[in-house]
Amino acid sequence: MTALDPTAERAQRPPAEVRYADELAKLAADDGDPRPPGWALSLRAARRFILGDPAAGIRRKFVGDPSLIDRALVALATSRGLMLVGEPGTAKSLLSELLAAAISGDSTLTIQGGAATTEDQIRYSWNYALLVADGPSPRALVPAPLLRGMAQGRVVRFEEITRCPLEVQDCLLSPLSDRVLAVPELPGSDAMVFAREGFNVIATANTRDRGVNEMSAALKRRFNFETVFPIPDLATELELVEAEAGELLRRSGVTVPPRRDLLEVLVTTFRELRTGITERGDAMERLSSVMSTAEAVSVAHAVGLRGWFLRGEAGDAADVVACLAGTAAKDDAEDLARLRRYLEQQVSRRSGAQWQALHDARHLLPG
Ligand SMILES: Nc1ncnc2c1ncn2[C@@H]1O[C@H](COP(=O)(O)OP(=O)(O)OP(=O)(O)O)[C@@H](O)[C@H]1O
Ligand SMILES: [Mg+2]
């Protein structure tokens, strides 16, 4: 085991195939259904891995429309890639990780897109010492995720693809359409890498960044697009936040679970500030900052940490206010004022001890 081994016990967040290794092994052992060439599981087993199957002891990992999962899996069995688009924090990255873990048993062939991403980081680069000593040879080649995925027949994840320069995105064109990658520096048959069965690409793009509109039409045609929506109802979102924050707190060494009544207030607050509609259906001001489920989970985690490590308890409404400020006022100073008005005007009308405590703690907002 090396310091970089993702299975290392103290990894903060091991990849899905390590976290759920027991479930994947069980699903594979029981899987009698037909599977596409190169896949580690059948579509039906992959679906159960992602959406859960309580009777078989498989946890639900992604909350959402089962038909989205079916479409995503079918898309990946075709000769086009899968593009997951949606608001920030709707679990696009999580879903792509789970899909890759289910299909290839490996979610780590990942390219992180950004303004400075280069083709070398996507396709391949060279070990310059060997290149200078021996000239171009397969030994001197350093494969990046795309080349490895093609050579090994695995799913490659391309995160935040639209943040990359257009010409860099376009290096996916021939791997996706002709299923081949040229390495012109190498002689003979090494100059072409043909994708093995099981290779495909899952890209994610977030609607708040530079949009998919800027992607070339040629590349768009090579992807099936699927939109991932926020969780529609309060009860489901609350259940998810409770489970996820509970797990994060356990891993952080906190031994008291988060309080359910406080989480209900927290999740309701996030939903109202996100949508600009109260749970009763009245219109109110929404924030321009991202108030996603992923952010709600991280605030619930921070609230539990504050309570436990500062005072030895579960965390309270004052911790929620203290943590909300850092989430809600990231890119727009006006959001802090909107949050203050929410705590003063909306929260004061609610009944319940935790709502009252949230209102009483409003002075903890900075500024
Ligand atoms: N529908 C959902 N099912 C399961 N977890 C969810 C869901 N929505 C949000 N989450 C939470 O959000 C976290 C994942 O967020 P993730 O980073 O995958 O979102 P994202 O859509 O990729 O965001 P970004 O656009 O910022 O990259 C999960 O770990 C989970 O806590
Ligand atoms: Mg993401």
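This is a predicted model: local features need pLDDT of at least 70, side-chain atom pairs count only at pLDDT 80 or more; totals for chains, interfaces and linings use all residues.
What is the volume of the largest cavity?

1. The space it takes is the largest pocket. There are 18 residues around ligand 1, and Val-63, Gly-89, Lys-92, Ser-93 and Leu-94 come nearest.

2. Next, zoom in on the oxygen atoms of the ligand. A backbone N or O atom of Leu-94 lies 2.9 Å from an oxygen atom of ligand 1. Side chains take part as well: a polar atom of Asn-206 lies 3.0 Å from an oxygen atom of the ligand, and for a polar side-chain atom of Glu-244 the distance to an oxygen atom is 3.1 Å. On its own, ligand 1 has 650 Å² of accessible area, and the protein covers 83% of that.

3. As for the shell around ligand 1, its residues divide into 9 nonpolar, 5 polar and 4 charged. Helices α5 (92-104), α12 (234-251) and α14 (293-311) each supply at least two of the shell residues.

4. Now back to the opening question. The largest cavity has a volume of about 40 Å³, and the structure holds 1 cavity of 30 Å³ or more.

5. To locate this largest cavity, look for its lining, which includes Pro-258, Arg-259, Leu-262, Ala-300 and Gly-315. Both α13 (260-275) and α14 supply at least two lining residues, so do follow α14 here too. By type, the lining divides into 7 nonpolar, 2 polar and 1 charged.

Methods: Residues are numbered from 1 along each chain as its sequence is written. Chains are lettered from A and ligands numbered from 1 in the order in which they are written. Side-chain values use heavy atoms; hydrogens and water are left out. A residue is near a molecule or strand if one of its heavy atoms lies within 4 Å of it. A polar contact is a pair of N or O atoms within 3.5 Å; within protein, one must be able to donate a hydrogen and the other to accept it, and residues adjacent in sequence count only if both atoms are side-chain atoms. Accessible areas come from the Shrake-Rupley method with a 1.4 Å probe; for residues, only the protein chains shown count as cover. On a 1 Å grid over the protein atoms alone, a cavity is a set of points where a 1.4 Å probe fits but cannot get out, and a pocket is an open set with protein on both sides within 12 Å along at least five of seven lines; lining residues have an atom within 4 Å of a point. A molecule sits in a cavity or pocket if more than half of its atoms lie within 2 Å of its grid points. Helices (H or I, at least four residues) and strands (E, at least two) are DSSP runs, numbered from the N terminus. Ala, Val, Leu, Ile, Met, Phe, Trp, Tyr, Cys and Pro count as nonpolar, Asp, Glu, Lys and Arg as charged, and the others, Gly among them, as polar. Grid points are joined across faces, edges and corners, and a volume is the space filled by probe spheres set on the points.
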